Amino acid sequence: MCLSSAQQPQSPGQAPRSLDGWLEAEESSVPEDGTVGPAGDSSKTESSLQSLLKFVPTDYASYTQEHYRFAGKSIVMQESIESYGAVVWPGATVLCQYLEEHTEELNLRDAKVLEIGAGPGLVSIVASILGAQVTATDLPDVLGNLQYNILRNTLNCTAHLPEVKELVWGEDLEENFPKSTFYYNYVLASDVVYHHYFLDKLLTTMVYLSQLGTVVLWANKFRFSTDYEFLDKFKQVFDTTLLAEYPESSVKLFKGILKWD
């Protein structure tokens, strides 16, 4: 664990005490030399917290604490079965395993990474631990729990504190993620494809976030015919490679690079 108990929100499902409370706890934990984590300083961390700590966790009736281990770290996730976006799904653990096993090959250190549909945040946390500069995105209703998990598992033990941003697929992309300002080496997605009505908007978002050199890593448990229909459309716009397949869990991991005319 990266935060002391004094720095944790008071209880699962409860909002962090206050922004000032978090910052005071953070300042009290900064070593005398001013360093925070592998490559930070107190003012940089305070600025990062100011931009990150703004979402209140949803007050679900039931939370569980689930434990994972990746990149040599014990990761504790707050999850709730009351929301699809508050549970770690099989594709996320597959993608985390791939990132862990191919860190040097992917050159993740200091890479700019955006996760689509981050949910409770496991993939973003692992990418951050592995040295990436991460932006974790999802719908507004799950951002509080996402923020909670990211702070709990990355503050003071990663080179770059991840950012949490709202991203509604297919909406206000140029306004919120202008191409002139935002460039990502990797776009990560896990179990974002299932039986819902926003698959075309999801693909539009993947395409929009992909610039020259951007790699999309998409892991998914294939359950329905719509999953394969999405894959066919994905292959039409991305040069696609199957990186891994796990028949026991029906998870496939794909690499996509946008086709350029």
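Visitor: At what angle do helix α3 and α5 pack, and how far apart are their axes?

Guide: Please bear in mind that this is a predicted model. Helix α3, residues 90–101, packs with α5 at an angle of about 10°, and their axes are 9 Å apart. Angles under 35 degrees count as roughly parallel. That makes α3 roughly parallel to α5.

Visitor: Which residues make the contact of α3 and α5?

Guide: From α3 come Ala92, Thr93, Leu95, Cys96 and Leu99, and from α5 come Leu122, Val123, Val126 and Ala127. Sorted by class, this contact of α3 with α5 has eight nonpolar residues, one polar residue and no charged ones.

Visitor: How do the axes of α5 and helix α6 cross?

Guide: The axes of α5 and α6, the latter spanning residues 143–154, come within 10 Å and cross at roughly 25°. The cut-off for roughly parallel is again an angle under 35 degrees, and α5 and α6 are therefore roughly parallel to each other. The crossing in which α5 passes α6 is right-handed.

Visitor: Which residues of α5 and α6 meet, and how do they divide by class?

Guide: Ser124, Ile125, Ser128 and Ile129 of α5 meet Asn149, Ile150, Asn153 and Thr154 of α6. The residues of this contact of α5 with α6 divide into three nonpolar, five polar and no charged.

Visitor: How many bridges join strand β9 to strand β11, and which way do the two run?

Guide: Six bridges join β9 (residues 215–221) to β11 (residues 251–258), and these strands run antiparallel.

Visitor: At what angle do helix α8 and α9 pack?

Guide: Helix α8 (residues 199–209) packs with α9 at an angle of about 30°, with their axes 11 Å apart. The two helices, α8 and α9, are therefore roughly parallel to each other, and their crossing is right-handed. On the α8 side the contact is made by Leu199, Asp200, Leu202, Leu203, Met206 and Val207, and on the α9 side by Thr226, Phe230, Lys233, Phe234 and Val237. By class, this contact of α8 with α9 has eight nonpolar, one polar and two charged residues.

Visitor: What pLDDT does the protein chain average?

Guide: The protein chain averages a pLDDT of 85, and 80% of the residues score at least 70. Over residues 4–40, however, the pLDDT is below 50; this stretch has 73 contacts in the model beyond near neighbours in sequence.

Conventions:
Residues are numbered from 1 along each chain as its sequence is written. This is a predicted model: local features need pLDDT of at least 70, side-chain atom pairs count only at pLDDT 80 or more; totals for chains, interfaces and linings use all residues. Side-chain values use heavy atoms; hydrogens and water are left out. Two strands pair if DSSP finds at least two bridges between them. Helices (H or I, at least four residues) and strands (E, at least two) are DSSP runs, numbered from the N terminus. Axes are lines fitted to C-alpha atoms, for helices over the stretch in contact, and angles run from 0 to 180 degrees between N-to-C directions. Angles under 35 degrees count as roughly parallel, over 145 as roughly antiparallel, 65 to 115 as roughly perpendicular and the rest as oblique. A crossing is left-handed if the near helix is turned anticlockwise from the far one by less than a right angle, and right-handed if clockwise. Contact means heavy atoms within 4.5 Å. Ala, Val, Leu, Ile, Met, Phe, Trp, Tyr, Cys and Pro count as nonpolar, Asp, Glu, Lys and Arg as charged, and the others, Gly among them, as polar. pLDDT is the predictor's confidence in each residue, from 0 to 100.
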